[in-house]
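The following note collects points on the ligand site, the pockets and the backbone of the entry under review.

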Amino acid sequence: LDSLSVCDNNNRLSTLSINKTQFPSQYLGRWYFLAAAAIPGTTALETFTVMDNAEFSVRQCREEEKLDFRAAIRIKDGPCVPRKWIYLLPEGSIELRTEGHPDRLTQLFPPRCPHCVILKETDNSYARLLLYSRTPQLEEEFMEEFKKKSSCEGYTDILTLPQQQDYCQIED
Ligand code: MYR
């Protein structure tokens, strides 16, 4: 019986609960990348398999419609790798575009987890769901929520970051 009710509306991705009056300010600041999901048989998770952990910082750029995303990625072998993207936020939109990647679309789906966000990233050749949290450790029920929601969308290939090493410093 449980398996029949698993993919009801409760476990579908929905943008309904995004607070548009606080957007995007409620998403600024620190985030920890905890898990990703993809359709099996695709290469969408390949870039994440080398990661031990990853921390992100999201800031408003001087220009209203641009967000500055920085990451400090800990590679399993040990080194820290800094990354940087500019996301474009067309006025009134809750969908993000990545500067320099015209075919990439990033959509936000707030889960029940109050300190988490799920991003759906699609490009020409891949689609994946990404789970971020304000805290590096996530309550088991919220990780289960991500897995359930992902599976209901057909993204049954799940990768969780090992987080066995220290976090790296985000570079300004
Ligand atoms: C990538 O690894 O492909 C890019 C990842 C983007 C990281 C985003 C982490 C922060 C989540 C908050 C989104 C807020 C948008 C307004």
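1. By class, how many nonpolar, polar and charged residues does the shell around the ligand have? The model is a predicted one, and in it the shell comprises 13 nonpolar residues and two charged residues, with no polar residue.

2. The shell amounts to 15 residues around the ligand, of which Y27, F56, F69, E121 and Y132 come nearest. Taken alone, the ligand would expose 490 Å², and the protein buries 97% of that area.

3. E121 deserves a separate remark. One of its polar side-chain atoms is placed 3.1 Å from an oxygen atom of the ligand.

4. As to secondary structure, at least two residues of the shell come from each of strand 2 (51–60), strand 3 (66–75), strand 4 (80–88), strand 7 (116–122) and strand 8 (127–133). Strand 7 makes the greatest contribution to this shell, namely three residues.

5. The ligand takes up the space of the largest pocket, for which a volume of about 510 Å³ is computed. This pocket is lined by 27 residues, and those closest to its centre are F56, W85, Y87, E121 and Y132. Two or more lining residues are given by each of strand 1 (29–38), strand 2, strand 3, strand 4, strand 6 (101–109), strand 7 and strand 8. By class, the lining holds 21 nonpolar, two polar and four charged residues.

6. The second largest pocket has a volume of about 180 Å³. Its lining consists of F23, P24, Q60, E64, E65, L89, P90, E91, G92 and S93. These divide into four nonpolar, three polar and three charged residues.

7. Two of the residues lining the second largest pocket, F23 and P24, are joined by a cis peptide bond, with omega near 0°. P24 belongs to the loop between helix 1 (2–5) and strand 1.

8. Most residues other than glycine have a negative phi. Q163 lies in the segment that follows strand 9 (157–160).

9. In summary, E121 is among the residues that come nearest to the ligand and also among those closest to the centre of the largest pocket.

Terms used: Residues numbered from 1 in each chain as written. Predicted model: local features only at pLDDT ≥ 70, side-chain atom pairs only at ≥ 80, totals over all residues. Heavy atoms only, no water. Near = heavy atom within 4 Å. Polar contact = N/O pair within 3.5 Å; in protein donor to acceptor, adjacent residues only side chain to side chain. Areas by Shrake-Rupley, 256 points an atom, 1.4 Å probe, with all protein chains shown as cover. 1 Å grid on protein atoms, 1.4 Å probe; cavity = no way out; pocket = protein on both sides within 12 Å on 5 of 7 lines; lining within 4 Å. Sits in = over half its atoms within 2 Å of the grid points. Helix = DSSP H or I, 4+ residues; strand = E, 2+ residues; numbered from the N terminus. Nonpolar A, V, L, I, M, F, W, Y, C, P; charged D, E, K, R; others polar. Points joined across faces, edges and corners; volume = space filled by probe spheres on them.
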